[in-house]
Amino acid sequence: MAHWLYLHGFKSGPGSLKVAETRSFLARHAPGTGLLCPPLSPHPQAALAQAERVLAELAEPPLLIGSSLGGFYATALAERYGLPAVLINPAVRPFERFDAFYGEHENPYSGERFTLDEADRAALEAMYVARPTPAHYWLVLGSADEVLDWRLAARHFAGVRQTVLNHDDHRLARWPQLLPEVARFAAEHQA
């Protein structure tokens, strides 16, 4: 069975709307493809280790889909394991904006309370991919992203296939419209 491994963003989870839309698409149009979306730890080092454990259990390499901070993790994994990845409004250098994230937080999906500290910032910096391999990626950006500046990702991933959805935001409401093309991207890269 083919798989898509979806890595959700910061303070998100397997119950997010994009995950539900992706699961629904696969059930209708690609029932032989499984969607995996583990609830990732809020701590970067643990989150990446969780994703690597899922990868280790799969018989075939998956398509990675990463949204926001999950896109940052997907980039690290795509480079490390040579995997294809669709990145949705990905964080590029989250360790540079980390000052706003020190301290206590609560995940609205899980209710989990957690505290981020300098070790978390350092873990993000250690995962940074300075020069992504263009052949691995498809970058999907909303030009009205209210959380991350889409132009930073567009510049960082220069030479990568890019789709910029004008007036779409961080949630990326037009994600369902792209899913047939995501399936084609997966088929091309998993053959």
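For the classes used below, I count Ala, Val, Leu, Ile, Met, Phe, Trp, Tyr, Cys and Pro as nonpolar, Asp, Glu, Lys and Arg as charged, and the others, Gly among them, as polar. The model I consulted is a predicted one.

**Entry: the largest pocket**

By these classes, I found 21 nonpolar, eight polar and seven charged residues in the lining of the largest pocket. The lining comprises 36 residues, and S68, L69, V147, L148 and H170 lie nearest the centre of the pocket. I then looked up which elements give two or more residues to this lining; they are α1 (17–29) and α5 (150–156). The largest share, three residues, comes from α5. For the space in the largest pocket I noted about 750 Å³.

**Entry: the sheet**

I traced an open sheet of six strands, with parallel pairing, in the order β2-β1-β3-β4-β7-β8. The edges are held by β2 (33–36) and β8 (161–165); each has a single partner strand, so one side of each has no neighbour in the sheet. From one strand to the next, the twist averages 15 degrees. Within the sheet I examined β4 and β7 (residues 137–142), which run parallel and are joined by four bridges. Opposite V140 in β7 I found I88.

**Entry: F95**

I located F95 in the loop between β4 (85–88) and β5 (103–106). Is F95 buried or exposed? Its relative accessible area is 8%, under the 20% cut-off, and F95 is therefore buried. Leaving aside neighbours within four places in sequence, I listed F72, R121, L124, E125 and Y128 as its contacts. I also looked up Y109, 14 residues from F95 along the chain: the C-alpha atoms of the two are separated by 23 Å.

Technical notes:
Residues numbered from 1 in each chain as written. Predicted model: local features only at pLDDT ≥ 70, side-chain atom pairs only at ≥ 80, totals over all residues. Heavy atoms only, no water. Buried < 20%, exposed > 50% of the residue type's maximum accessible area, 1.4 Å probe, protein only. Contact = heavy atoms within 4.5 Å. Pairing = 2+ DSSP bridges. Axes fitted to C-alpha atoms, helices over the stretch in contact; angles between N-to-C directions. 1 Å grid on protein atoms, 1.4 Å probe; cavity = no way out; pocket = protein on both sides within 12 Å on 5 of 7 lines; lining within 4 Å. Points joined across faces, edges and corners; volume = space filled by probe spheres on them.
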